[in-house]
Amino acid sequence: MSDRQRPTALPKYVQIAEMLIRDIAAGRLADGARLLPERDMAAGLGIAVGTLRKALDLLAEKQLLERLHGSGNYVRARSDVSSIYSFLRIERRQGGGLPTAEVLSIDRLAVPAQSGFASADGFRFRRLRFMDNVPAAMEEIWLDGAVTDVVDEAAVSESLYLYYSDVLGVVITSAEDRVNVAPTPDWVDGRFGLSRGDMAGYIERTGRTRTGKVVEFSRTWFDPSQINYVSRLGKN
């Protein structure tokens with residue numbers, strides 16, 4: 001796969017819905033807050049009113065939004081809301097942020113010894129992660145080669161978990177993160193805020209299916225000047 005090739009983007013209304021879900025989880029949109037009138041909100045986001053309404057429909061389906069006729073749209077904060085980015089724990093320093101990603105390469109290679117995979121080889125995805133269009137993290141994600149013989153590069157979306165479930169029929173239901181610091185890798189992208197070898201926030205993740213089988217292993221280097229690692233427990 002050629003460098004700088006952009007993966008399949010999520011529909012705009014889904015991106016907006018995910019951004020709002022993350023802003024609610026981060027407390028940037030508080031429970032009971034009244035959203036701007038739809039036309040004003042759409043104009044501020046640079047999208048059509050129809051696109052915004054589709055995004056708000058998704059929030060209403062998740063019971064994160066109450067629509068009162070003649071009054072407006074009100075946030076109804078809830079914990080443990082399923083979303084495309086439910087497992088994404090990095091956020092802008094001010095909270096939330098719209099995640100996007102650019103695939104740098106996809107290769108089939110021998111897997112790292114610590115992956116815990118059943119097979120000896122797998123698919124390695126290297127990506128530059130953005131938050132609100134700001135380069136935020138370098139990601140190296142390994143998928144167990146036992147899951148599939150081929151990866152359809154044209155179908156890989158900005159959410160790999162969505163690709164796993166919709167295309168490969170694999171659902172990751174649990175993950176273990178180990179958070180530390182580490183130097184950035186030698187393949188660091190020039191747009192990233194840190195240079196090769198600079199110390200960065202570091203996450204190693206092991207992802208498992210419902211049966212407990214390890215199918216994903218990832219390494220993430222994030223820029224602590226832009227990003228926090230956030231894990232929320234309990235109810236809002």
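Before assigning any lining to a helix, I note that helices here are DSSP runs of H or I with at least four residues, numbered from the N terminus. I also keep in mind that this is a predicted model.

Entry on the second largest pocket. I looked up its lining by element and found that the largest share, four residues, comes from H1. The pocket has a volume of about 200 Å³ and is lined by 11 residues, of which Lys12, Gln15, Leu98, Thr100 and Asn133 lie nearest its centre. I sorted the lining by residue class and got five nonpolar, three polar and three charged. Both domain 1 (12-75) and domain 2 (90-228) contribute at least three residues each to this lining.

Entry on the largest pocket. Here I read a volume of about 770 Å³ and a lining of 33 residues, with Val81, Ser83, Tyr85, Ser86 and Arg89 lying nearest the centre. Helix H1 (12-25) and helix H4 (160-168) each supply at least two residues of that lining, and domain 1 (12-75) and domain 2 (90-228) each give at least three. By class, the lining divides into 17 nonpolar, nine polar and seven charged residues.

Entry on the annotated region. In UniProt I found an unreviewed entry that lists residues 10-78 as "domain: HTH gntR-type". Over those residues I read 51% helix and 12% strand, with the end C-alpha atoms 24 Å apart.

Entry on salt bridges. My search of the whole structure returned 15 of them, and I followed up several.

Asp57 forms a salt bridge with Arg67, the closest N and O atoms being 2.6 Å apart. Since Asp57 lies in helix H3 (residues 49-61) and Arg67 in strand S1 (residues 65-68), the pair ties together parts that are 10 residues apart in sequence. Asp57 is partly exposed at 33% relative accessibility, and Arg67 is partly exposed at 35%.

Arg219 forms a salt bridge with Glu140, again with the closest N and O atoms 2.6 Å apart. Arg219 sits in strand S9 (residues 214-222) and Glu140 in strand S6 (residues 134-144), so this pair ties together parts 79 residues apart in sequence. With the cut-off for buried set at under 20% relative accessible area, Arg219 is buried at 16% and Glu140 is buried at 4%.

The side chains of Glu176 and Arg178 meet in a salt bridge at 3.1 Å, N to O; Glu176 is partly exposed at 37%, whereas Arg178 is exposed at 57%. I also noted that salt bridges with shared partners join Glu102, Asp189 and Arg191 into one network.

Definitions and conventions: Residues numbered from 1 in each chain as written. Predicted model: local features only at pLDDT ≥ 70, side-chain atom pairs only at ≥ 80, totals over all residues. Heavy atoms only, no water. 1 Å grid on protein atoms, 1.4 Å probe; cavity = no way out; pocket = protein on both sides within 12 Å on 5 of 7 lines; lining within 4 Å. Points joined across faces, edges and corners; volume = space filled by probe spheres on them. Nonpolar A, V, L, I, M, F, W, Y, C, P; charged D, E, K, R; others polar. Domains from an automatic or database assignment. UniProt positions renumbered as here; feature names shortened; annotations may be inferred. Salt bridge = Lys/Arg side-chain N within 4 Å of Asp/Glu carboxyl O. Buried < 20%, exposed > 50% of the residue type's maximum accessible area, 1.4 Å probe, protein only.
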